[in-house]
Amino acid sequence: MLKLGILGHPLSHSRSPEMQAAGLKYLGIEGSYEKFDVAIEDFADTLQTIFSKLGGLNVTIPYKEKILNYLNMRDKLVDRIGAANTVMISEGMIKGYNTDYYGFIDSVSQLKLKGKNIAVLGAGGAARAVLIALEDLEPEQINVYVRNFQKYDGNLPAVSKTNISLHLYDDNSSLAEADLVINCTPMGQGRLDDEMPLSSPQIEGLKDTAVVYDLIYSDTRLLKTARNRGLKTIDGSNMLIMQGVHSLRIWTGKPITDGLVEAMTAAFYAAIT
Ligand code: NAP
């Protein structure tokens with residue numbers, strides 16, 4: 001019996017239980033996937049109990065960085081990104097992985113990003129995984145946009161293969177050069193669902209060939225406005241599904257097949273409708 005779970009706070013909107021149950025069923029593995037919605041003040045006390053019950057754990061907001069202190073092994077991507085969203089627990093070893101990286105890579109597999117100009121909006125945990133994944137796809141330039149320059153100046157992940165620079169949101173000239181714009185902020189989700197990380201004139205000023213990608217897995221105001229402007233858009237569903245598929249690969253050691261991806265994708269869409 002493979003016991004899995006997800007740790008975060010809040011977890012009410014997580015569709016990982018439905019997705020992972022479908023994946024386990026497809027693979028013919030008897031298992032369970034439980035939600036652990038743990039408040040910040042209870043995190044340290046609860047963690048060892050959770051580890052002792054499980055063989056694998058997903059970690060989500062706000063614990064992807066905090067969990068690093070409790071791992072005794074890290075995949076090299078965890079060190080590069082500075083965050084883990086997947087934990088494997090086996091014979092006393094607690095090893096951290098980052099499958100947001102793989103989810104993002106898979107979600108842009110149709111785009112040719114080598115030599116391109118990419119705008120990343122936000123510089124939090126998800127942006128860090130995206131920046132490291134982008135580096136491996138070899139764009140020429142990454143411009144990161146933040147609202148608080150001081151907070152992130154000198155504090156972006158170390159990338160060596162790509163030029164990377166930090167901007168405030170009102171730097172329209174660099175935005176106008178972007179081939180791909182990626183929203184890595186929560187603007188457009190939950191209580192911020194009516195907000196956009198870019199203004200309408202900024203979206204209007206993007207290249208006609210620009211693609212707008214929102215990591216949020218719904219049709220946000222940003223995506224609707226970009227589509228009305230005639231731009232191609234991508235939402236965060238595929239990244240979310242694929243990070244889950246890669247987590248299950250790590251926990252079970254089973255390869256990713258089209259059938260597994262289809263089963264988990266169907267469960268994800270059934271759970272959000
Ligand atoms: P995070 O670590 O809290 O980072 C959020 C970033 O957005 C920070 O740079 C923050 O800037 C910025 N931000 C927050 N509110 C803002 C506002 N009102 N105006 C401008 N910037 C703002 O969060 P995260 O884990 O990176 O997640 C970001 C988003 O990505 C969430 O919506 C999450 O659901 C989504 N996500 C999707 C996937 C997927 O698989 N599709 C995976 C991971 C995350 P400050 O530092 O200045 O506050």
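Reader: In which sense do strand 8 and strand 9 pair, and over how many bridges?

Author: Before the answer, please keep in mind that this is a predicted model, in which local features need pLDDT of at least 70, side-chain atom pairs count only at pLDDT 80 or more, and totals for chains, interfaces and linings use all residues. Residues are numbered from 1 along each chain as its sequence is written, and side-chain values use heavy atoms, with hydrogens and water left out.

Strand 8 (residues 141-146) pairs with strand 9 in the parallel sense, over 6 bridges; strands here are DSSP runs of E with at least two residues, helices are runs of H or I with at least four, both numbered from the N terminus, and two strands pair if DSSP finds at least two bridges between them. Within this pair, Q141 has N163 of strand 9 opposite to it.

The two strands belong to an open sheet of 6 strands, whose order is 9-8-7-10-11-12 and whose pairing is parallel. Strand 9 (163-168) and strand 12 (232-234) each have a single partner strand and stand at the edges, so one side of each is left without a neighbour in the sheet. On average, and with direction ignored, neighbouring strands of this sheet are turned by 20° against each other, where the axes are lines fitted to C-alpha atoms, for helices over the stretch in contact (heavy atoms within 4.5 Å), and angles run from 0 to 180 degrees between N-to-C directions.

Finally, helix 9 (residues 221-228) lies across strand 10 (180-183), strand 11 (211-214) and strand 12, and runs at about 165° to strand 11.
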